[in-house]
Amino acid sequence: MSEAQHSRPAPGTVCLQVRDLTVTLADTGAAIVKGVSFELRAGKVFALVGESGSGKSVTSLAAMRLLPDALRISGGSVDVAGQDLFGLSEARMQEVRGRRVAMIFQNAMSALNPVQTVGKQVAETLQLHTRLRGAALRERVVALFREVGIPDPEQRFDFFPHQLSGGQQQRVMIAMALACEPDVLIADEPTTALDVTIQLQVLNLIRELTRSRQLAVLLITHDMGVVKNTADEVAVMYRGELIERASVEDFFQHPQQAYSQRLIDALPDLTQFREAAAEAPLLELQEVKVHFPIRRGLLQRVVDYTRAVDGVSLTIGRGETYALVGESGSGKSTLGRAVLNLEAIAGGQIRFRGEAIEGLGRNAMLPYRKQIQVIFQNPFSSMNPRMTVGDIIAEGMISLGLGLSEEARRERIQALLQRVQLGAEHANRYPHEFSGGQLQRIAIARALAVDPELIICDEPTSALDVSIRAEVLELLAELQREFGVSYLFITHDLSIVPGLAHKVGVMQRGKLVEQGTAEQILTAPAHPYTQELLAAVPRL
Amino acid sequence: MLSRFAALCTRATLLLGAALLPGCSDGPWNNPNPESPPGLLTYQSVMSPLPPKHLDPALSYAADESLFLMQIYEPPMGYHYLKRPYELLPLGVEDFPLISYTNAAGEPVDPDTEAVAFSVYEMTVRADARYQPHPAFALDDQGNPRYRFTDPAAGRQYRQISDFPELGSRPVAANDYAYAIKRLADPFNASPMLGFMAQYIVGMEAFSERLKDIPRDGWVNLDQYRMDGLEVVDERTFRITIKGRYPQFSYWLAMHFFSPIAPEVDRFFHNPGFLDRNLTLDWWPVGSGPFMMVKNDPNSEIVLERNPNFREDYFPTEGAPGDAEQGRLADAGKRLPLIDRAVFRLEKEVLSLWTKFLQGYYDRSGESHGNTNRVFDQAFVVGPDGVELGAELAEHGITVAPDVKPAIYYYGFNMRDPVLGGYSEERRKLRRALQIAFDTEEYLNIFYKGNGIPAQSPIPPGIPGFVEGEAGINPYVYDWVDGAPQRKSIAHAKQLLAEAGYPNGRDARTGEPLKIFIDVQSQAISSTSMNWMDRAFGRIGVQVEYRPADWNRTREKLLTGNTQIFSHGWLADYPDPENFLFLLYGPESPLICQCDGANNASYERPEYDELFRQMRVLPPGTERDALVARMVELYREDAVWLFGYYPKDIYLNNPWVHNNKRHGISKNTLKYVRIDDELRERKREEWNQPVIWPLYAMSALLIALLLPGVIAYRRRLRATARQ
Amino acid sequence: MKPVLLWSDALIFLLVISLALFFWRLRHDPQTRERWAEVFSSRLGMVAFTIIAAYILVALLDSLHFRRALENPESLATQEVFYDNKVSSVFDVLTGGMGDRFERTYSAPFALLSFEKENIKDASGRDIRDFPPLRHAGQHLAHPDERTADILVKSVSALLWGLLLCALVITPQWLLLRGSALPWAASWLTQGVILCAGAWTVSISHHYHILGTDQGGADVLYQSLKGIRTGVLLGTLATLVMLPIAVTLGVMAGYFKGWVDDVVQYLYTTLSSIPGILLIAASVLLFQVYIDLNPDFFAVGMEKADAKFIALCFILGVTSWSTLCRLIRAETLKISQLGYVQAAHAFGVSHSRILGRHVLPNVVHIILITFVLDFSALVLAEAVLSYIGVGVDPSMGSWGNMINGARSELSREPTIWWTLTGAFFFMFILVLAANLFSDLVRDAFDPRTSLRRAEA
Amino acid sequence: MFAYIVRRLLYAIPILIGVNLLTFTLFFVVNSPDDMAASQLGDKYVTPEAIANWKQKNGYDKPLFLNSQAAGVGQVTDTIFFDKSVRLFAFDFGRSESGRDITTDVATRMWPSLAVALPTFLVGIGVNICVALMVVMFRGTRLDRGAVFVFVALMSISYLFYIIGGQFLVAKTWRLVPISGFHTEGQVWKFLVLPVLVGVVAGIGAGARWYRTLFLEEANQDYVRTARAKGCSELSILFRHILPNALIPILTGVVVLIPSLFMGSLLIESFFGIPGLGSYMLDAINSQDFAIVRSMVFIGSILYIVGLLLTDISYTWADPRVRLS
């Protein structure tokens, strides 16, 4: 174990210093990261915050000299223990990586080699940098697994990544990073792909290890909640530049930049709720079930069913927003599709304005299609890239036979675009010319085009950056006030519920475990699962 | 690091070389032939392009197949190896058949009278003719056949003939010849000879009818059934009775169809389960000839070995004029065969065949085809002084054996065609114009390297009725100029065309251009030859259209007469003008006989047909020659065929092969071949020294390709993030 | 003169017109424009495209067929016009009768004498055996030694003509496109080289056989050039034929799933499990028989050869649709799960409209990629099929037939290398250009590769 | 897994029936049984009786698909199609039109095919992977672009030229190996060197280019970045991370070919005179021997289906994420 025993740096010493780091595109020379400087200290978590494309990940990769071929380091330096990493030869650099500076990545599932057992992958790091071999090596890996909280580490050693849950995968990544006791840990959005409850556990682990091992951690994230819970120091990155740097306390209390303020504002305010409007029920679900068959055996007979939605009952009133909250795989999206009659239901009833609409045929469903519309999660895939925005919005109007003349249609499209804060001239453009936020506005316009009474919003904001998320949510709320439309809002993120929903339902494994007004659920959750979800929500 | 790598490469190359070299020490690297057993003088040859399909003498009817059959079987009659014109000799029997003539009642009559209804051929088997050693003749202690199974499982361990440990033999009996003829008649065998021979051999048809309905389960002993025209007089004597007079029958007796078949051999191959392992008479011929088959792998080779029981047979002591001078009698009087073993390897690609021949791995360029006409045409040129070899071949000492088969290839007119057919003078002129326009000499020069003789008549050289010199030319197409035939001028052809009503190739009445249609077999024609023909006829303003089709479709067209100009060929079965002139005999037209007749031109001229009927039964002689001459004249007058040529095959022989004279008809010439093994070894060694430097060059190239990679990798490892 | 429209002519022009229309319609689609711009933004892409375009141009010129009128002899009373049986093309005219200058048999490139000795009469009338002079090579030379100088002089003047031609062709392009961001200069350079080479070829071929002659005395260069039409047409038409089948079945299977999918999968698994070459051989034989049985459908031999050619394209298409079908099925499966198809369902858009507006336009890139990828494969396949004996009709010039016919010529001593070289050169250039171009097209249009670039 | 294999094999039956029906139809649109008889009997003295005899002897004297004379099921079963197909499913290929037992022929000719195809296949994959790995190591550099151009140029050359060129240079001009041929007595390898070399060289262009794409795709995956962040060297990334992962798509393309190695290569075998199944097929096409063509199609289809099955099974081996059910 001699390799592992090197002296830990004293708390607070600078372990990694970045000076004037500049990264440019190899072909055009455009700067992606412009003169960024900061330092990491032992035992402290330094959070680098910014939205997608701000250059925060590039900064971390550049520090490790792991940039893709298209990018080039064109200036600055990175010092680790007095050594300039940029001046080392590639061969020497390989000794630094994993040994002195380790890194964990965003999506553990794809960051782990899918065809190697996790144990071997962790062991490889040790093999590269220490002389451990054989049984001792295995023992060390198992010990690491135990340290990062992987249950049954002996067995898990021989598991492949896909056999582990998302949280466990990220723990393996952490174990791999920590294997050679590096001084510096760079964590690039380590929790983004995880469910909220798991997120919290992983962050706590990182936090703990920072203290116990005196690591200098660079935490890269877009989530202010994570920053607040984990970091000691914060830096905000915007378009390749560090625009603000402060300690966590200072930052949240006195942000210097307007942009920082916007980021902070995006955190939920668990004190303001919308009152449930006691309107007549628009949509009623009774004991709705959606089952997917499981086929097995020689003849592929149906032996069992996956109960994706298992007896859900809920009611949405006119002009009301119902937030359906749950983690991935809980069946919330399936329920949405069932309401749209895109999924056959195995039992129960769906009533729209008192009329049963479940199991209606394609044509019988048509009148209701006008009234129930949908907005999908991924704005990029929900628009046909080969159609202009105008055509996309017009499609529903044409196929649902609104009976508008071409002229009228064009005017309506322009009005809708303006209503969602886009220009009328955008009608002739193609989807790929827009940003995610803009596309989601177009999706809203498309849904509105046929004057629906109910819009099913299937995670409409989860693909968006926080600042844009707020804008879209605001727009939705405005439209509700204006047109009196109801929303079935499907989300995994409890934090956006306040200020949006009148009622909340929490789904777990196909069942609605708890429902009530937003205030009830967020202030006095009854079900343990709800409590767990709530605990993961960052607050100010 | 680099130097270490280079050292490694060198060592690897050396090791590889060391591994390869010992394997190559026993001869040139590129020797494609398997080692032949020591002590056996082996003749290396080739079968090309396809292996034989049938080796049952009753079934086979292809030159490639009789190449093997005629070494293994001995039919009653044969040909003299050297003498020309071809001379018939007794082969399996002691003497020429004794022919007696009878009337309808079976009483002997004078051969020259009208009363002759039957001819009886009596022959006596040679006393020393014995079958090759074969398991079918093996007997157990009780004298019963050793290998006779009732259960398919019993003989399962035998997969080929060499698997049978016990062999036997016996003398050839007269009954074996009778048995063979009965096999021809057995409809189950579907012999190609049945339909034809049944016209002549008495009782064959009835015999065939009778056997049609008998139950078939395994072997049918044909000895139980009687054929009227067959009589086994004693152990060694048998008689065949044929209808009327048919002088050509003796020739047929020289073909493999009439080879003796031992009934016990037939019985042997009908053992249950043998068929499934390809143990059949069709695959393993058993005969009394000079060689026997020891291996038959149609996918790679057929091996013949000397038959130890072969009768006493000697190299002829006299030959045709000039043979002695050319050393062809050097082996006169030697006991045959002169080699111990012959290997025929399958060779489909001509390039390989040619290369291996030049490298000395094949003793001859081919067996049943010289392979020279189209493929090796570069090997030689036919000049004024005969065949001239190319430089490389001459240097190798390769010898040339030309072979003019009794065969003719021709393009015929359909005489019933509304445009080109008919017997009016105008139509004749039209056809003659086309005949003149088709410059056969140039055609042969370009596409056959001059290896063919333009046909002046349907009768090829070497056959009675072929006339050489000025008297032999077709006066409608050729003039005799300066001692050689000269094709008439294009102007003359145009003139004829105009007289026929097509001035400048345009119909005098409508102005429509004359277009002729040629049916060709799609596999047998190249675009270059089509281009050539376009130009040839273009000279007299005639346009050509081709109608290519595969063989089945072409055949159908011929049978239905749905053709204008067609291509065809005929390889004679025996050296008699009758076998050629029947190609123009009216009743042979498919349209008349409603059969697969040979007169595809549907030429019908009563005078010709009458002459043919007379000529057919006449013995050779001046009377017959006169009839033949008149028939040829009629053919020329009516211009029945567009053109024809007698194919000439050139066989090339490596210098160590002797007795290379080709026999146009008989195939049983392998026994005369002599090999100078010592010369062969020496020459092969000499001609096949490998060129080594490319090996080094390739290794160097490989290293040169690797180098930049290694250098770049090292550079990358040394790189820093700063430029 | 009487124009002859062969089926393949009609199809190729149809193809060209429909492609032109297709691009005309897509000209506003910014994504497509962007991708094409990407393809053409590389110099290699420009060069490859220019070469392919030159081949296609030759193929098109060679597809304008006609029959010459025969002059009626004066003696003839009729005024009716009759036509030559031989079909010529505009390309034949442009090459200046290169194909009509036959020799007797083989001759080497730029040779003055035949390759083979012949019995000829010398000046004094004696029979001697020597290499006879060629009929159409170096007739204008007073002495054989002048040949090299003559070729040089003629080359220079031909190149001057070529440069003039270049000026004529390239100047308007330059005026039109000089502001473009695309590397047109590369294309112009290629055009210049092609034009000069063309001018040189046509002018020299009047005096020499540039690539010699083949066994029948036909000009090898001319044959190689005639092979262009066959190659280009086969490469395009075969894919064209299979497109409707593959696209329809693939889209239906991926969109409707269920039993439709089962049936389509069964069909293509069955078809692709048969060894391709056997299927092709059997089908080709079948068509051959059909054509042989119905000779009356075809007025001239060329039409028959053409029918066989179309049949071959058809067969190659039909036997190879399964790959494209499979790709399209998979892509459709993916697309039908995407938000915009789901949204369309939610809007109650009809199946046909979803297929037409949402699915089809989004699988076009697969079709395009398959089209360019298959092109070179088909050109290469033609040679192999000709070897097996199920290729294009022997009367129709093709590289495969040339190679097949010239296989054994290499073993001659001295070697006859020019037939193989001619076929090899023209085939190699086309296939290379097509392969390079298809690489670029795939890089630009394949979402997987473009995704990769976006990440980088 | 077992259930999966059985199910796949059951699914093969309708495919094989379809294949058989198709070949049968194709062949008999071209040829009538009379044609077959005529071409087998040769070109002289072919009488209608001989044709009838031949048809009876070889079982072609029944209707093709539907026997209207027979009763009940016999309408379908008493036909040439049924007779010939049922036997195929029992792997009884019967006799070729020339009378040889096809099963025996196939069994003997399979090995020479394999002797050429297997080394070509293995050496080819090995060489292609090595070349591709080397090129991938230098992705984005001029070396990479140059190599890709060379690959494209190599694959733009017709296979025929490789063969003709190889024979001309190596065998004819340099006399290093026999130009063609095959026999099992003695040094078999000397016949295999050239065909294998030609096969490998001809395959480098397409193969290495394809593998390069696969490797590049993997090289851009996240786990490669992880490995690099661990401090793996470029070589160990290539061999320990990229290669095992790229094996998965390689397997799809490659394993399906393994069974068809038995079928050999049409061109190589006929040029090099290898008595394998490839040349067997070519001869059968040329001589229109239906029995052989039909059997080979059948065998080919079975091998293809087995190949698909093997591909699936090899997936489970290469990719732990895949399980068959």
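Student: How is chain D divided?
Tutor: Chain D of this predicted model has domain 1, spanning 2-90, and domain 2, spanning 107-318.

Student: How far apart do the C-alpha centres of those two domains of chain D lie?
Tutor: The C-alpha centres of domain 1 and domain 2 of chain D are 35 Å apart.

Student: And how many residues of each domain of chain D are in contact?
Tutor: On the domain 1 side there are 14 residues, in contact with 11 residues of domain 2 of chain D.

Student: Which elements give two or more residues to the domain 1 side?
Tutor: In chain D they are helix H1 (2-30), helix H2 (33-41) and helix H5 (80-89). H1(D) gives the most, with 9 residues. By class, this side of domain 1 of chain D consists of 8 nonpolar, 4 polar and 2 charged residues.

Student: Turning to chain A, how many residues of chain D are in contact with it?
Tutor: Chain D has 23 residues in contact with 27 residues of chain A. On the chain D side, the elements giving two or more residues are H1, helix H10 (222-230) and helix H11 (234-255).

Student: Which of them gives the largest share to the side of chain D that touches chain A?
Tutor: H10(D) does, with 7 residues. The side of chain D that touches chain A has 8 nonpolar, 8 polar and 7 charged residues.

Student: Now chain C. At what angle do H12(C) and H13(C) pack?
Tutor: Helix H12 (residues 351-388) and helix H13 (residues 399-406) of chain C pack at about 45 degrees, with their axes 7 Å apart. H12(C) and H13(C) are therefore oblique to each other.

Student: Is the crossing of H12(C) and H13(C) left-handed or right-handed?
Tutor: H12(C) and H13(C) cross in a right-handed manner. The contact includes C:Leu385 and C:Tyr387 of H12(C), and C:Trp399 and C:Ile403 of H13(C). Its residues comprise 5 nonpolar, 4 polar and 1 charged.

Student: What about H17(B) and H18(B): at what angle do they pack?
Tutor: In chain B, helix H17 (residues 606-617) and helix H18 (residues 622-638) pack at about 155 degrees, and their axes are 10 Å apart.

Student: Why are H17(B) and H18(B) called roughly antiparallel?
Tutor: Their angle is about 155 degrees, and angles over 145 count as roughly antiparallel, so H17(B) and H18(B) fall in that class. The crossing of H17(B) with H18(B) is left-handed.

Student: Which residues meet there, in H17(B) and H18(B)?
Tutor: Among them are B:Leu611, B:Phe612 and B:Met615 in H17(B), and B:Leu627, B:Met631 and B:Leu634 in H18(B). The contact of H17(B) with H18(B) has 8 nonpolar, 1 polar and 3 charged residues.

Definitions and conventions. Residues numbered from 1 in each chain as written. Chains lettered and ligands numbered in written order. Predicted model: local features only at pLDDT ≥ 70, side-chain atom pairs only at ≥ 80, totals over all residues. Domains from an automatic or database assignment. Contact = placed C-beta atoms within 7 Å. Helix = DSSP H or I, 4+ residues; strand = E, 2+ residues; numbered from the N terminus. Nonpolar A, V, L, I, M, F, W, Y, C, P; charged D, E, K, R; others polar. Axes fitted to C-alpha atoms, helices over the stretch in contact; angles between N-to-C directions. Parallel < 35°, antiparallel > 145°, perpendicular 65-115°, else oblique. Left-handed = near helix turned anticlockwise from the far one by under 90°.
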